[in-house]
Structures are given as structure tokens and as C-alpha cells.
Amino acid sequence: MAKFNTFAVLEIGTSALLYFAPTKLNANLVSAGTLNTLAVQYSTAVKWRENLFKGYDLSKDHLRVYKDGNNVLVKHLDPAVITPEFLAKKQLVTMRGEYLYALEMYTMAPIIRTADLLDPSVLPFITDQLGKAKPEEGYYPNAIQEYAFISGIETDTAYQELSMRVETVGLIRLRAQAIFDKYARMINIATTKAECSLALNKAHEERYMNALV
Amino acid sequence: MTSNTLFISNCAKLLGHESSDTNRWGEIYNMIKINTSLVDRSMQTVMPYNIKVYPGFEMITDLSGFSKTYEECCADRVKELIAKADKLQVPIGLLYSGGIDSTMVLVSFMKALTPAELKSKVVVLLNHDSINENPNFYYNFIRKSCTIKTSDTMSSLFDGKYLIVGGEHNDQLFGSDLIGGLLNRDPSFDFTKPYTRELILSYFRMFGMKSEEGMNTWFDIIEYTAKKSPCEIKTVFDFFWWLNFTFKWQSVFFRILLRVDKHLRKNITFEFIDNYYHHFFSSHDFQKWSMLNPELKIKTKWNTYKYHAKDLIFEFNKDAEYRDHKLKCGSLSRLFLQKEMPLAMTDQLEYVYDLDPALFYQPNNSFNTTTK
């Protein structure tokens, strides 16, 4: 089970485990919204950590995760730390985490349109090559000429096609990022479910409802 | 805001204004999308909110002497749009989704222009979705002969550097998505039957309309306008086509304008629209063709919807799979994903960001009358 719960949010000072996050982005955001917390990753997929959380009920137990030398250890939290304030903080973090994850999934959805062999990590290189081209003078860098040659198309078409692909991927991802940032901040200052729901609904409206025709 | 009359509105806010007439009117939003505002181009219906017919969109009433084919309408429209673009000295920015409508538009330009003219006078605006929707056409034709640019910048193209041409209104010429929706719900649905109140109300119910009063009012209104139409409305298919052709036409025209990038909205004037924003299938010739050629819209199965346009595309690209199996697929919504949108646009082309229904309400409307 713990193999799938390798991202977490810890409380600095107590090392109390506040929240297991489904993604590293989720862990990071939850941490960003809560003072004195830290997003961490436990590589429970590796052999020497696979039993890290074994024997604990992760949905109920209050745990402490700490380092002893090179070892990462998990223990039950000292009962003295489990105050009403601590429980409220844990509950708030968990609530925000769940809404932030829903937001992440919502805003990621349009990105499926950009799934392509053209991995986002290659975009800066292609953008650089496109920037070096001078279409009005008929000059294209070697990378674009090679792409045209392999594809069996004119170089100016290759330039336009790559521009189209890069712009499409860039625009969709940039919009998704902007929508995500805007509403993640709203969720991260929310203290009630109603406020979190409102932020999620607004994001949904902005991402999807305006597109209904 | 200086006007209390609209051209288009997101109707969610208007639905909040509760009275018996607006409730009857609002019933239709169980069937159609909330971003659609209906206005009767035949001018028989007074809506509960002031929504005015855009000048030039009034229903054509005289069909006498018209005999052009769809293909001739396409050829004439290409000439007209090229002449406009030449006059403005800008290229045509052709919104291409890979669907039947925009492929028909592009084929029309490809047939009419020389390869050099096509490359210099038309920029095909497309993206990954457009390629995926019709890959053969992209790889065999567009990639070999067109200038291309991403369509994801569509909302930022309203700066006078392009004469924008979309493929809107072909749906309104050929039929209605609602037919496809009904076939999805009930594969045995026979749209060729003569329409009756009972049948239409049963389809309204299938879409989720509930109020008998609301459904009957809408049936009465649509039927009343249909009976005054210059063409005959006989079947269930005709009935839903007429609803689309008459009431949805304007909303379809304005929906892209409503999503223009914020900093460019100041450019949207009557003159700008007249010069730079066109939909290929909007012309009066196409509308007359639609009213005079019901037999060319669909056969008996949904995959034959727009078969006449698909036949013409096939004559050009010889892609039998596309002709025989391509289904209508609304692709514009994918371009509208993630986009901010104002609530409405007035008849002075002002963008409305906060909408008070009371300002636009008109009590003497067609939904106030008692119906069966």
C-alpha cells in the first residue's frame, strides 16, 4: 500500500505526518499552503524502504517520520502532540489536499490534447531553432531542414508545422497553469469545505463551462 | 453599458429571474446548452429578454428563382471572400477543425485557387485535434499545399491581420445535433416520421425537459414559426432543423466573438465584423439552398448526416472511409476550453460582464400566453 503513498507532508518541529499526497505537485502545494510544513518523498518502491509504513493504519494512525542517521523511521506520534489544534491542522491539510488534487486533475485534462512524441522537454530546443529561422529570407537551421527532409515536406511547411505544434502545446499548458495557480491559491487559503468547493466550481466553470456550445 | 438589448447571452444568469413566462422559456435549457441564446429570425416570437436579430440575419422569405447547387454556393462564396480579403490586403485565416464543415470550406478554396494563390491567400488555422480528426486530409493535402498556423491562438486573431473565415452555420443548413442526441438515446428513433405534438414532446422529455407547460409553449412557438416558413416543415427531422436554423443561427455566429481575447474586444465593431469576421456558410444563397433541398441533408442513418457535403469532399480527396463513416463531432468547444468569457454582448457590441436580468426583461412576450 505504502508504495503508492510516497509523497507526504510533514510538520516541521514535530515530524508529524500530516498528509499522504497522491502526487508530488499535490504534496508541494499542500505544504505551500500551511506554515511550518515540508513536502517529502519516501521511496517505498526501493527494497530497503518497502516496509517503512508496514503495520500502521495510514488512515487512522498519527505517525511521526524522522531520520536517525541514514535511516528513515516511522513511529506513533507522542500523544502529547496530538492536541485539538494538531488534529484541526491535519484535517484542514487533508481537506485542502483532496480539493487540490481534484483541481490538478481538472486542469490537467486539456493537456491530454498535447500528448505527442514532441515531449515538453524538447520544446525549448525547438523554440530555439524556430527562433533562428528567417522564413522571409528562406533561411532555416539544420534541425528544421532535417525534420522537413525526414517528413518529406517543404522546409517552410516544416517550420509552420513545428511552430503550430510548439504554440499549441505551449498555449494549452500555459492556460492550464494559470487556471491551476489561480484556484490553487484560493483553495490554500480556504478553511471550509464550502470555500474549497466554490474554488473548484469556479475553476471548472472557467476551464469547461465556457466551452459548452 | 448603454443598451438593454442583447445579441447573445450566457443564459445561466437569466434563468435566475423567476416568473412563469421565464420559467416556460427556460425549460428549453434542459435540452440545449446554457451558452446558447435563442432568437427568432422569422420575427414571430418575442422572447422574455430583449434579444435582437442581428441586421442581415432576418429570415429569408422569398425563394423564387433560386436554383443554385450547394457546390455553386461554395464556389461563389470563395470568390466573394477572396475579393473581400484582396480588398483588405490580408490573408484569409481559415478555422479548420478537420470536421465535415471546415473540410468542405477548405476543399472549396483548394478547388478554386491555384497552388500559389492557396499558399499566399489562405492561412489554415489548425492544431493537434484538427489533424487527429482528419489525418488523411492533413497529410495528403494540407501539409503539401497550405500555409498553416495554430488555431489555439484563434481568440487573438481579431486584430485586422486576417479575414477570419469559420465553418459555422453548416449545421444549421443541414439539420441539428439534437437528432444525433436522440439517436444516441434511442437507436430506433425514426426522424423521418411526420412530426406531431405528441412525438415532439416525447423527444423533449427524452432530453430532460419536464414542465408540460414549458414544452407545450415551445412546441407552439416553433410550430407557429414553421407554419409561416417559406418551405415545408413536415418531419421530426425538419422540426429540429427549423429550430436550429431559425432560433440558434445568431448565437452560433456570435459565440466566437464572445470569446475574443480581452484586449482585442475593443476592435469588435460593426465595421470590423463586416470586414474581418465571416462564416463560410452564412450567405443567403446557402440559406435558400437549405430551405429548398431537404432531401440532400440526411438519408435514414446518422452517418449520412451532411452526406451531400461529404460526397463533394469525396470527389476531391477520394477518401471513402471519411465519406462513409465520419460522424459529426463538435470541435469548437475544444478551442473554447480554458477560455474566459463575458456573460453577453449587447446590440451595440458591448461586452457584458455582470448581467442583471431585470434590465433585459420584457413582460409582453410570447411566453406569457396560456397554452394547451
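Predicted model: local features only at pLDDT ≥ 70, side-chain atom pairs only at ≥ 80, totals over all residues.
**Two helices in chain A**

Let us start with a helix pair. Two packed helices are described by the angle between their axes and the distance between the axes. In chain A, helix α5 (residues 155-188) and helix α6 (residues 193-207) pack with their axes 8 Å apart, at an angle of about 165°. That angle makes α5(A) roughly antiparallel to α6(A), because angles over 145 degrees count as roughly antiparallel. The crossing in which α5(A) passes α6(A) is right-handed.

Which residues meet here? On the α5(A) side they are A:Ile179, A:Tyr183, A:Met186 and A:Ile187, and on the α6(A) side they are A:Cys196, A:Ala199, A:Lys202, A:Ala203, A:Glu206 and A:Arg207. By kind, the residues of this contact between α5(A) and α6(A) divide into seven nonpolar and three charged, with no polar ones.

**A sheet of three strands in chain B**

Now turn to chain B. Three of its strands form an open sheet in the order β1-β7-β8, and their pairing is antiparallel. At the edges stand β1 (6-9) and β8 (351-352) of chain B; each has a single partner strand, so one side of each is left without a neighbour in the sheet. B:Ser9 has B:Ala344 in β7(B) as its bridge partner. A helix also belongs in this picture: α12 (residues 236-257) of chain B lies across β1 and β7 of chain B, and runs at about 75° to β1(B).

**A sheet of five strands in chain B**

Chain B holds another open sheet, built from five strands in the order β4-β3-β2-β5-β6 with parallel pairing. Its edge strands, β4 (147-150) and β6 (277-279) of chain B, each pair on one side only. How far are neighbouring strands of this sheet turned against each other on average? The turn is 30°, direction ignored.

Helix α3 (residues 70-88) of chain B lies across β2, β5 and β6 of chain B, running at about 160° to β5(B).

| Strand and partner | Sense of pairing | Bridges |
|---|---|---|
| β1(B) and β7 (residues 344-346) of chain B | antiparallel | three bridges |
| β2 (residues 92-95) and β5 (residues 163-166) of chain B | parallel | three bridges |

How values were computed. Residues numbered from 1 in each chain as written. Chains lettered and ligands numbered in written order. Axes fitted to C-alpha atoms, helices over the stretch in contact; angles between N-to-C directions. Helix = DSSP H or I, 4+ residues; strand = E, 2+ residues; numbered from the N terminus. Parallel < 35°, antiparallel > 145°, perpendicular 65-115°, else oblique. Left-handed = near helix turned anticlockwise from the far one by under 90°. Contact = placed C-beta atoms within 7 Å. Nonpolar A, V, L, I, M, F, W, Y, C, P; charged D, E, K, R; others polar. Pairing = 2+ DSSP bridges.
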